[in-house]
Amino acid sequence: MTTTPPSTAHAATRGNYVLLRADTLRLLLPQDEVGDVEYLETRPRSRAQAGLFDLPQGDGVRSVAALSHRMTLLPTFPDDRFLVTSLAGAGDNIVWSWNEVKVLFDVTLHLRTLPAVLRGPDMPVDEYVEAEDGIAYLCSGQRLGAFAIARRG
Amino acid sequence: MDTNLPFAADATANEGGIDLARPGQRAAARLIEYKRGHHVALAPHATIELIERPALVEVPGAAYYACGLMSWQGRQLPVVDLDTLLRAYPSEYRLPWRYGLVVAYQVAPRAPVQHGVLALPALPQTVVVGDEAQCELPTDSDLWPLIALSCFQHDGHPVPIIDCGRVFGAAHH
């Protein structure tokens with residue numbers, strides 16, 4: 001009989017990544033897809049368009065999105081989100097709010113493929129890494145934006 | 001509670017399990033209630049460990065029947081809700097999960113043994129069944145012929161014997 005292997009394939013990739021946390025959802029995106037981190041100095045305001053919030057900026061207004069732990073857009077802006085970044089491919093006029101943003105320089109990620117049985121038809125993630133504080137999913141701005149915006153209420 | 005279930009380390013999900021095709025044979029089966037009054041059976045050697053109230057990590061955009069990932073012995077195992085899988089949509093009336101049953105499976109003979117987790121509302125039981133109890137598969141899900149090896153009657157109800165390799169080997173869309 002064949003010995004028991006890990007249930008998922010392993011691969012390693014090296015580079016600069018950014019760890020983004022929204023509630024318990026942890027995402028890893030290539031650093032070149034994540035814009036500068038800004039602190040939220042004022043609370044975003046709700047608007048009629050569900051899942052997006054208005055953030056006053058100078059004379060204008062920017063759109064802010066807040067992800068749930070399922071990577072869907074929250075209908076109410078959470079009190080504990082105080083960081084925002086833009087994400088390449090995830091909406092030109094949207095910034096995304098986070099509990100935590102951490103830049104990982106020249107890091108080697110040991111990627112594990114998600115088990116086939118879990119795959120949904122338009123799942124935005126394929127791989128994950130295991131860190132001390134939990135699982136982080138490797139994602140891209142384009143897949144994140146497409147998935148989350150398609151699920152706003 | 002973390003109950004270790006008996007497991008034959010060199011057995012697989014399909015070998016030496018419940019085989020109702022042999023006349024006169026009686027064999028043990030792990031009886032699993034996946035929704036109130038409805039059961040499936042597994043070969044006892046395919047059930048590895050029972051975890052009470054397992055900690056799960058959800059996977060964004062996962063299949064409708066996927067509960068997430070569960071950490072077990074240094075790896076992450078897929079967790080599946082059998083009731084939701086069989087009904088083909090999530091139900092707000094399903095029983096809450098209380099246990100995670102770690103199962104072993106192979107997707108083909110001599111393939112590596114892999115593990116998955118069934119999210120269960122109740123503790124499994126062990127029963128002994130004979131070939132005289134063999135019956136037709138139930139017709140309440142199109143999935144039964146795809147995941148079940150056989151079926152037997154228990155307390156007047158059909159109990160499909162499922163192959164975990166067919167449950168966990170691929171996505172069900």
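This is a predicted model: local features need pLDDT of at least 70, side-chain atom pairs count only at pLDDT 80 or more; totals for chains, interfaces and linings use all residues.
Trainee: How many residues does the contact take from chain B?

Mentor: Residues are numbered from 1 along each chain as its sequence is written, while chains are lettered from A and ligands numbered from 1 in the order in which they are written. Two residues are in contact if their C-beta atoms, placed from the backbone, lie within 7 Å. Chain A supplies 27 residues to the contact, and chain B supplies 26 residues.

Trainee: Which element gives the most to the side of chain B that touches chain A?

Mentor: Strands (E, at least two residues) and helices (H or I, at least four) are DSSP runs, numbered from the N terminus. The elements of chain B that give two or more residues to this side are strand S6 (66–72), strand S7 (75–80) and strand S9 (114–120). The most, five residues, comes from S7(B).

Trainee: How many nonpolar residues does the side of chain B that touches chain A have?

Mentor: Ala, Val, Leu, Ile, Met, Phe, Trp, Tyr, Cys and Pro count as nonpolar, Asp, Glu, Lys and Arg as charged, and the others, Gly among them, as polar. On that basis the side of chain B that touches chain A has four charged and six polar residues, and its nonpolar residues number 16.

Trainee: Is S7(B) mostly covered or mostly exposed, and how many of its residues are buried?

Mentor: A residue is buried if 20 or more other C-beta atoms lie within 10 Å of its own, exposed if 12 or fewer, and partly exposed in between, with C-beta atoms placed from the backbone. Over the 173 residues of chain B, 43% count as buried. S7(B) is mostly covered, and of its six residues the buried ones number five.

Trainee: Which residue of S9(B) is the bridge partner of Val79(B)?

Mentor: Two strands pair if DSSP finds at least two bridges between them. S6(B) and S7(B) run antiparallel and are joined by six bridges, with Val79(B) opposite Gly68(B). S7(B) and S9(B) run parallel and are joined by two bridges. In S9(B), Val79(B) has as its bridge partner Val117(B).

Trainee: Which residue in the turn between S6(B) and S7(B) has a positive phi?

Mentor: Most residues other than glycine have a negative phi, and most peptide bonds are trans. S6(B) and S7(B) form a hairpin with two residues between them. In that turn, a positive phi of about 50° belongs to Gln73(B).

Trainee: Is Arg110(B) buried or exposed?

Mentor: Arg110(B) lies in the loop between strand S8 (99–105) and S9 of chain B, and its phi is positive, about 65°, although it is not a glycine. Because 8 other C-beta atoms lie within 10 Å, Arg110(B) is exposed.

Trainee: What is the radius of gyration of chain A?

Mentor: Chain A has one helix and eleven strands. The radius of gyration is taken over C-alpha atoms, and the globule rule is 2.2 Å times the number of residues to the power 0.38. For 153 residues the rule gives 15 Å, and the chain A value is close to this, so chain A is as compact as a globular protein of that length; its radius of gyration is 17 Å.

Trainee: Which strands are the edge strands of the open sheet in chain A?

Mentor: The sheet has six strands in the order S3-S7-S8-S6-S5-S4 (chain A), with mixed pairing. Each edge strand pairs on one side only, and the two are strand S3 (38–39) and strand S4 (45–46) of chain A.

Trainee: Which residue of S7(A) is the bridge partner of Glu38(A)?

Mentor: S3(A) and strand S7 (residues 83–85) of chain A run antiparallel, joined by two bridges. In S7(A), the partner of Glu38(A) is Val84(A).

Trainee: Which strands do the buried residues of H1(A) pack against?

Mentor: In helix H1 (residues 141–150) of chain A, the buried residues include Leu144(A) and Phe147(A). The buried residues of H1(A) pack against S2 and strand S6 (60–66) of chain A.

Trainee: Over which residues of chain A does pLDDT stay under 50?

Mentor: Chain A has a mean pLDDT of 89, with 93% of its residues at 70 or more. The stretch under 50 has 13 contacts beyond four places in sequence in the model, and it covers residues 1–7.

Methods
pLDDT is the predictor's confidence in each residue, from 0 to 100.
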